[in-house]
Amino acid sequence: MAERLTEETVQKIADAAAIALTDEERQTILKELQEILDFVDVLRAVPVDGVEPTVHPVPLAIFMREDEPERRHDREALLARAPEAEGGFIRVPRVLGD
Amino acid sequence: MAAYGDLLEERIPDLRRRLETGELAPEALLEAALERIAAVEDRIESFIALDPDAARRRAAALSEKRRRGEALGALYGIPAAVKDNIAVAGLPMTAGSRMLEGFLPPDDAVVTERLLAADAVIVGKANLDEFAMGGSTETSAYRTTKNPWHPDRVPGGSSGGSAAAVAAREVWYAIGTDSGGSIRQPASFTGIVGFKPTYGRIPRTGVVAFASSFDTVGVLARTVEEAAIVYDALHGFHPSDTTSLPRDREPVAPTLGRDVRGLKVAVPTFWLVGLHPDVRARTEEALRVLEGLGAIVEPVDMPHLAYAEAAYTILTMGEAASNLARFDGLRYGRRFSDARDLAALYAETRARGFGREVKRRVLLGTYFLSAGRYEDMYVRAQKVRTLIRRDFERVFADYDLVAGPTVPTPAFPLSERLSDPVAMYQSDRLTSPANLAGLPAVSVPAGFSAEGLPIGLQLVGDVAEDALVLQAAYAYQAATEHHRRRPAL
Amino acid sequence: MAYETVVGLEVHVELATKTKLFCSCRTDFGDEPNTNTCPICLAYPGTLPVLNEAAVALALKAALALNCEITRETKFDRKHYFYPDLPKAYQVSQFDRPLGRNGYVDIEVDGEKKRIRIERLHLEEDAGKLIHTPGGTLVDFNRGGVPLIEIVTAPDIRSGKEAAAFLTELRAILAYAGVSDVRMEEGSLRCDANVSVRPVGETRFGTKTEIKNMNSIGSVERAIEYEAARQMEVLAQGGTIVQETRRYDEARRVTVGMRAKETSADYRYFPDPDLVAFTIPEAWIEEIRESLPELPDARRKRYVEEFGLSSYDARVLTQEKAVGDFFEAAVAHGGDVKAIANWMMVEVLGYLNKEQKSIDAVPMTPAHLSRLVRLIEDGTISGRIAKEIFPEVIATGADPEALVREKGLVQIQDAALLEAVVKRVLEANPKSVADYLAGKEKALGHLVGQVMKETKGKANPGLANALLKKALEARRGAGGA
Ligand SMILES: [Zn+2]
């Protein structure tokens, strides 16, 4: 049996995912998420003890790069894509200093 | 006009020969495509962005290249569409999302570099489900692409724009991505060939990540031969994607036509249940065709396929929640908030920048990775992924290919499943296993439903057996005529 | 009730690579903001990480230098949180397969040796830097993606002093191994402390607080001492300790509670699907192990055994690898080892300390120091002259021998020459002579001083002494002045 979601749980998830929800959205999303949770609950029927989890589906060899600096982009071109930039910095609303 | 019409039905190898001799100029072929696009695009809406002028400059440069007597690439002068979650420098890349409206990628994706190195002409960026999340291309923030075979049907997704552009003869081939069926399902719905190579065969660099361990770049074209030619130009390791794989031992296209006699084909019994009757019938017929070609077709039991969709849902949502966390309106893209409070700025930007389906998946993905659920749900799904891989391994110990339908139904009506996510996810149930196991798989036209909607046959090979998959699909296509029918547009 | 302090440290160390952990941007400190950035470290869509082999090698080197077991089957995990200094909104780190485990560092406090266990050492990427202004926060991603190792100790530390000793030794080891430049003031070594107290004899741990914002080893020591005393006071008053993060205020020398987070952080770790899990080849580990230089502890033992130095002197000379290297190079050029050791500890380190310089930054060579010491030994110059010319030698790299000759500072060894001076001095100082003859031996010192003065310090003090004595005794024999 899948976990029964509550509005509080949905809000906690939304906070962790940094997505604002209106009260109405929270209710409809709760229903949709619950349906999906019920749907994926079938996995509980599968015995998985002792089975290794898969991260990549195919065998991949590790590849590492040499420690050689390379510069292909200039700062102004990159910062031009930021909604707010100033004096070579990216600017964001004030964060409380810590 | 008439001449253009003829060009549209010509295949890439023939066009490539005529372009090489100079009998046909890249500019002329491009104009044929642009004229076709002008004629049908308002009804199909395959593209998010078109740049005819850039394409014309490119075609002219290619003409010049030939005049200089330089060697010409495998895709010399052939117009293509690129799914809009793949970077093409000079064109915006939105991934179908408001979040990236107007975003100009600073570099070409590796697959784009390789297309251009093969002398391709890119005409525009194809529509897709937002961040490739969906099976109908309806979650795009920009437009709704229609199925060229029926104006009220979805083209499938998420590479629906790519598939529709090829099926509507707007371009000769298109690049797509497939994380759970996003190339094969729309190929099936639009009556074309959709090839998803082995995971890692085509580097992901420059491709907006949805679910990193599933995302696979692939090709949509009208025939298997054309798909193989394009694949040959694109695959192989690149040092910027350390999850990419080495090149195939030899180019695949020249090996097409190899005998498939004696090939052992397994058909999972689970893939033949719960199908639309026409899909069932076309699949049975297709399997008989394979037998007629000398293949040995046998049913097999793969006990974990029934869990593929659930495992796929959990794993891709978890990866998506993580991959999409970077979209916060600070360094690039759009900021949808004037909040002076940082947390509010994040939450509002992401609430307005993401569409409903993306939010659904990001929220659930966050849930699956959260403390207390991670082991129980996410890790369990990773283990089921292992079991599904083992099912395939067992089958491939005795068989060369796994076959079945691509999708349980023909193309469904527009907006039918938008508000029914579970039904939408289930349309991936026959395609997602190949992504869970990283296997090469192709969807090839296998006839039509009673309503005249295309139906696809899916062939899946073992890891790195990309060539075998295409060889078998080619043999099947050579024995059938389905791919010759074209939508009445 | 008597309490004891229990401390565990989390130390972040920036690795001395040329480029970042997952992209080819430079890691240089102090560059113009955001000049060392690229689409990868700004987390543009479609970018992928490519692991820097040198970072893995340096992390392994650190792990081996700290006596860790190497986790050969290793991988990277994503640690999620939203913050403007973290472009991907996750940090690539290592969760359950840290590169190193179960290491240790031996320290010595008040003559007592103690082993501090290291629970884990893992590789991860650094975050960017935030600059807070009244109008908003500015972000510089130059540091974002720089490779870090995080070293976590067991709660084996019992005082601020032990913590300081641990950090001093850790710094030395990492610097010796060439893993990092370990500059706390530039942030290439950063330390947080988990502090709790418990009644002596109690085996369970008390509630801990996490102390941040300590910018030097001294401030770590002070912060821990303050925090432990604060906790003991709270308990003595019948209060309870609140688990929280506290900031150390160096100016006021107190720890201050930071705004408590409403919920405890859930980082949602999972294996990074953009990076391949990998096995570290045994041969690579061996190669790195063999490349490790002699570490401070071994070097100290050698100084005691081979050079006969005291363990204190050995510690001073080995604190910094470059200082020990200089010392040994000077010894190799010849001269009395203990004399060279003294010159190093008093004059050289004193100078470096005063000038805030590192030994690599001074023009003086080990050969110069050796020569200077030998000039004293062979009587060419006096110790006083040596000290006089030293500032010039160290600051300009002038050859002491040439300098001595050039300035005419060669010691007067010629008894005939000196006898004349002695005679003059005795005649000019009748009172001192009388005092000496009256039994006030001290007067001799004054006379020697006068001889030195007359010769501008060039007289061999021993010879001057002997000649004076001889002349004075001769006068005594002659029946007084
Ligand atoms: Zn970078």
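The area buried between chain A and chain B is about 5200 Å², with carbon and sulfur atoms giving 68% of it; buried area here is the accessible area, taken with a 1.4 Å probe, that two parts lose on being put together, summed over both. On the side of chain A, L43(A), P57(A) and R81(A) lose the most area to chain B, and together they make up 13% of what that side buries. The model is a predicted one, in which local features need pLDDT of at least 70 and side-chain atom pairs count only at pLDDT 80 or more, whereas totals for chains, interfaces and linings use all residues. Residues are numbered from 1 along each chain as its sequence is written, chains are lettered from A and ligands numbered from 1 in the order in which they are written, and side-chain values use heavy atoms, with hydrogens and water left out.

In terms of contact (heavy atoms within 4.5 Å), 52 residues of chain A meet 72 residues of chain B. Seven salt bridges are counted between chain A and chain B, a salt bridge being a side-chain nitrogen of Lys or Arg within 4 Å of a carboxyl oxygen of Asp or Glu. R44(A) and D376(B) are joined by a salt bridge with an N to O distance of 2.9 Å. The elements that give two or more residues to the side of chain A that touches chain B are α1 (7–17), α2 (23–40) and β2 (89–92) of chain A, where helices (H or I, at least four residues) and strands (E, at least two) are DSSP runs numbered from the N terminus. The largest share of that side, 10 residues, comes from α2(A).

Between chain C and chain A, the contact takes 51 residues from chain C and 35 residues from chain A, and the buried area is about 3500 Å², of which carbon and sulfur atoms give 62%. S24(C), L138(C) and V276(C) supply 15% of the area that chain C buries against chain A, more than any other three residues. One salt bridge is found across the interface of chain C and chain A; E68(A) forms a salt bridge with K18(C), with the closest N and O atoms 3.5 Å apart. The elements that give two or more residues to the side of chain C that touches chain A are α1 (53–65), β8 (129–133) and β9 (136–140) of chain C, and β9(C) provides the largest share of that side, five residues.
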